[in-house]
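My notes follow in the order I made them.

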Amino acid sequence: MSLLKLAQKGNRRSILRAAVLASVCIPGTAFAGDLSGTITGAALDRPVRGATVSVEGTDISVVTDQNGRYILYGLDAGDYVLTVSQPGYGSINMQVAVPAEGMVTANGRIALANGDSENAIVVTGARASRLLANERKRAMPVIADIVSSDGIGKLPDYNTAEALQRLPGVSVQIDQSEPRYVVIRGVDPNLNLVTIDGNVVGIPEAEGRRVALDTIPSDLIGAIEVVKTVTPDYDANAIGGAINIVTPSAFDQAEPYTYVSARGMYGSKADKLGYAASAMHSQTFGMEDEFGIVIGASYSKRFIDSDLVDPLSWDEVDTGLWAPTGMRMFDYSIMRERIGAIANLEWRPNPDMRVYLNTIYNEFTDHEGRDQFDYDMYRGDVVISGNQITYDEGRASREFRQNEQTQKLYNISPGIDWRTGNVEVKLNYTYAHAQEHTPVRDDIEFRTASENVSTILLGEGSELPVFGNVDSRLYDPASFPLRRIRLRRETIDEDLHAAKADVQIDFENGTDSFVKFGAKFTDRSKDRDNYQEQWEPVDDVTFADTGAVLDPISGYYGGMYEFGPAMDYQGVLDYFFSDNPGLLELDEETTAFNDKASDYQISEQIYAGYGMASLEFGDLTVIGGVRVEHTKGTYDAFAIRDTDGNGEIEISDIAPLSFDKEYTHVLPSLALNYRPQPEVVIRAAWTNTIGRPNYSDVVPTFEEEDGEGESGNPNLEPYTSMGLDFSAEYYPDADTVFALATFYKKIEDPIYTRTIYDTTFAGVDLISLSQPQNADSGELFGVEANATTRFSSLPAPLDGFGVSANVTYVDSSVDVPGRESDELPFFRQSKWLAGGALFYEKGPLEARFAVSYRDDYLDGVGSSLNGDSYTKARTVLDARIGYRILEGVEVFGSVANITEAPLSGYQGYPDRPTSREDYGVNADFGISAKF
């Protein structure tokens with residue numbers, strides 16, 4: 001039987017007591033004078049991580065691990081008193097007799113300060129999440145922040161990425177109002193290491209190495225660790241940090257449980273009701289509860305609508321006067337479906353062995369319909385009168401995109417952990433598969449001639465330019481002849497195999513000192529197959545001729561703009577391909593070009609090894625070591641070049657291209673943890689990490705859409721980063737943490753996107769071309785502060801109030817070739833990040849009002865300050881309330897984006913907006929129960 005089960009079953013039988021525990025001898029392989037046990041917490045009814053177990057009258061003390069277990073080696077035979085302590089908990093003493101030979105087991109149970117370990121009420125809900133997060137943060141040997149479930153698999157937010165934006169130094173990139181990619185201290189999400197239970201995951205997207213965390217339902221997660229200073233036993237690709245998603249174990253809690261929830265989801269702009277449900281069951285079984293299983297499933301369907309306005313390509317139309325030369329409007333209608341499942345199996349025949357199989361499956365489907373009105377205004381002359389800009393030769397298009405895409409991600413990770421004496425060995429194999437399948441991505445475009453006259457107004461009480469006068473032909477479907485229909489299909493597959501071995505040898509000196517070494521091999525293969533057909537009209541056929549014209553979109557962008565008629569996507573396809581197939585012909589050369597332009601195959605192997613030591617010197621722990629990683633990659637794509645110089649791409653201009661790349665990095669690190677008092681932790685770290693170029697950046701692909709081109713760059717070098725970190729943490733009680741941290745990063749060869757306007761690439765005339773480039777170097781220096789506490793000293797009922805708050809300030813710079821004289825912030829780096837929540841937890845009621853803020857950040861670099869692109873600052877307010885109507889049964893509701901904050905961008909300066917997307921308010925409501 002596991003040590004945890006021995007302790008928990010003993011408590012239920014009233015054998016164990018808080019002050020005195022019986023000694024039990026376990027026969028088998030052991031060393032004379034060895035003592036081990038498991039410490040559990042009464043408040044959470046689960047193992048306690050980071051509790052100190054000390055031997056009275058000596059300097060011997062150790063700390064419990066993630067399973068609540070401790071081991072003391074080489075004690076002389078005799079009677080001892082052990083003291084178990086943890087900040088915020090009452091200390092206990094345990095009497096134990098150590099014989100001349102054999103291992104002795106002494107398990108303990110501690111309660112929150114002023115609590116009773118025998119009769120304590122188990123804490124649940126948001127407070128349980130906070131207690132677990134504080135406990136894990138304090139115990140970890142690195143600078144980290146934690147989001148934890150409440151013990152039954154329920155995170156405080158429904159979206160995994162959203163939950164992390166509450167942490168200090170963490171922000172998110174959103175997609176259609178939903179947090180998707182996690183940004184740690186402002187560093188590009190592509191430079192984060194993302195793992196599930198410490199094991200690598202596949203990446204379904206074509207473009208980068210970032211993992212979309214909104215694809216993983218939060219219902220299936222036990223905790224999320226955001227590690228900001230990695231040690232040598234972490235993979236090296238962690239310039240931003242390491243995000244480890246921890247799934248539940250059946251041995252986390254004493255009793256089996258079943259958790260179910262159901263909720264509705266409403267979006268104000270979509271005005272549709274979505275729904276979601278989840279269930280999870282956990283239990284141990286077997287003659288001695290040596291087997292454990294956790295199974296869970298989650299499903300959700302959400303409807304999202306949004307309006308996006310893009311004033312395009314600001315230009316100096318007169319001396320000192322800048323104006324947009326184009327206007328683009330999108331009307332989105334989206335359905336998102338998420339499916340998730342986990343199945344974790346474990347066998348723990350004794351405290352020294354764990355055999356496991358962890359599996360997780362996630363599926364994310366996005367169905368998107370998008371009406372588009374695109375107006376290229378500046379194709380002739382311009383007349384200026386005050387703030388009125390009149391363009392005399394504009395060309396407009398009406399377009400529709402139907403995009404149906406499904407991402408699948410699953411991990412299968414078998415492994416074994418076993419200990420013999422003071423040696424612990426961990427072996428793991430992981431197979432990860434990621435897929436992005438796009439069976440439908442159709443684009444229909446009708447376009448006018450360049451003869452439309454319109455006037456825009458600048459500064460008319462809005463941050464966006466508005467139309468003062470619009471050519472009536474822009475709203476007449478008969479003015480829009482068909483330009484083209486593009487039918488695209490794409491499949492991206494990634495297979496990943498990883499095998500690793502870790503060996504830890506503990507020192508037998510009454511401390512937690514150890515040496516550790518390991519090796520890892522990762523083999524990743526990725527294939528992108530993109531097929532595009534381009535169909536063009538044989539004769540002029542207008543939008544009106546198709547009979548697929550729908551009523552004008554009313555109230556677009558609050559009535560600020562007139563969008564004009566919407567398009568019946570299926571009606572247009574039926575008109576051309578079913579009813580009148582002779583009206584179109586296939587552009588074979590363009591189709592051949594598009595069929596190869598973005599395809600690639602990648603094979604990448606990473607060979608890694610490390611050695612490290614953790615040495616205790618009283619209250620100081622020193623962790624030092626080195627990791628070596630060798631990367632070997634083969635990258636296959638198609639070279640597309642205008643070989644005969646005629647300005648056109650022909651089939652003969654497309655040829656296979658393959659190249660190999662290898663590089664090795666030696667990455668030393670050093671971490672210090674000083675604990676002068678149990679409530680105080682002072683940390684410092686020196687780290688070296690790397691960032692590999694994104695897949696689409698390093699392969700020589702080329703894509704064009706609406707005159708905007710993107711190409712890869714095979715000559716890119718990987719990032720390297722050196723970091724210095726310092727933090728101080730104070731834990732006066734179990735509910736409270738005050739933390740202050742500073743950090744510095746020196747990043748060499750950072751990769752950025754450089755945009756060139758009005759150019760030609762591979763024989764294609766372009767409005768703009770974006771291509772990744774290596775900059776020289778960049779620096780980040782930042783300070784982050786975090787505080788979380790309950791006001792428990794206030795009189796009832798005010799003692800249920802509490803607050804959490806964090807703020808991060810970052811001063812950054814980057815050196816870009818050709819822009820040496822410009823003071824540019826580091827890419828995607830906000831100067832200020834802030835977040836906080838006022839919460840109330842008393843009896844059956846839980847409530848939270850939260851805010852998150854992210855400052856402006858640099859998205860792309862142009863040839864000058866006027867061409868740089870930025871994302872504008874954004875503040876989001878959320879609220880949640882829950883009420884426990886029965887024991888274990890809660891009804892809840894939440895509102896996100898209360899102020900309807902848009903997502904905005906600008907070109908060079910804030911008064912030149914390039915995008916503003918409105919999402920509206922999202923609301924969730926439902927019921928959950930634990931049995």
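I began with proline 797, which sits in the loop between strand S43 (777-790) and S44. Helices (H or I, at least four residues) and strands (E, at least two) are DSSP runs, numbered from the N terminus. This is a predicted model, in which local features need pLDDT of at least 70, side-chain atom pairs count only at pLDDT 80 or more, and totals for chains, interfaces and linings use all residues. Residues are numbered from 1 along each chain as its sequence is written, and side-chain values use heavy atoms, with hydrogens and water left out.

The peptide bond leading from alanine 796 into proline 797 is cis, its omega being near 0 degrees. For background, most residues other than glycine have a negative phi, and most peptide bonds are trans.

Is aspartate 271 buried or exposed? I took buried as under 20% relative accessible area, exposed as over 50%, and partly exposed as in between (1.4 Å probe, protein chains only). Aspartate 271 counts as exposed because its relative accessibility is 54%; its place is the loop between strand S18 (257-267) and strand S19 (272-285). Aspartate 289, in the loop between S19 and strand S20 (291-318), counts as buried because its relative accessibility is 14%.

I also checked aspartate 381, in the loop between strand S22 (353-376) and strand S23 (382-385). Aspartate 381 is exposed at 53% relative accessible area. Its C-alpha atom is separated by 7.1 Å from that of glutamate 393, 12 residues apart along the chain.

**Salt bridges**

I counted a salt bridge where a side-chain nitrogen of Lys or Arg is within 4 Å of a carboxyl oxygen of Asp or Glu. The structure holds 62 salt bridges. I looked at a few of them.

Arginine 109 and aspartate 45 meet through their side chains at 3.6 Å, N to O. Arginine 109 lies in strand S10 (residues 108-110) and aspartate 45 in the loop between strand S2 (34-41) and strand S3 (46-47), so this pair ties together parts that are 64 residues apart in sequence. Arginine 109 is buried at 13% relative accessibility, and aspartate 45 is buried at 17%.

Aspartate 175 bridges to arginine 180, with the closest N and O atoms 3.9 Å apart. Aspartate 175 is partly exposed at 26% relative accessible area, whereas arginine 180 is buried at 8%.

Which residue forms a salt bridge with glutamate 494? The partner is lysine 526, the closest N and O atoms being 3.0 Å apart. The pair links distant parts of the chain, glutamate 494 being in strand S28 (residues 482-506) and lysine 526 in strand S29, 32 residues apart. Glutamate 494 is buried at 0% relative accessibility, and lysine 526 is buried at 2%.

I noted one network made by salt bridges that share partners; among its members are Asp175, Arg180, Asp214, Arg302 and Asp924.

**Polar contacts**

A polar contact here is a pair of N or O atoms within 3.5 Å; within protein, one must be able to donate a hydrogen and the other to accept it, and residues adjacent in sequence count only if both atoms are side-chain atoms.

I returned to glutamate 494: its backbone oxygen is reached by the side chain of histidine 433 at 3.3 Å. Histidine 433 belongs to strand S25 (residues 423-447) and is buried at 12% relative accessible area.

I next took lysine 520 in strand S29 (residues 514-537). Lysine 520 is buried at 11% relative accessibility, and its side chain makes a polar contact with that of aspartate 235 (2.8 Å).

At the start of H5, a side-chain oxygen of aspartate 587 comes to within 3.4 Å of the backbone nitrogen of glutamate 589. The buried residues of H5 (residues 588-597) include Phe593 and Asn594.
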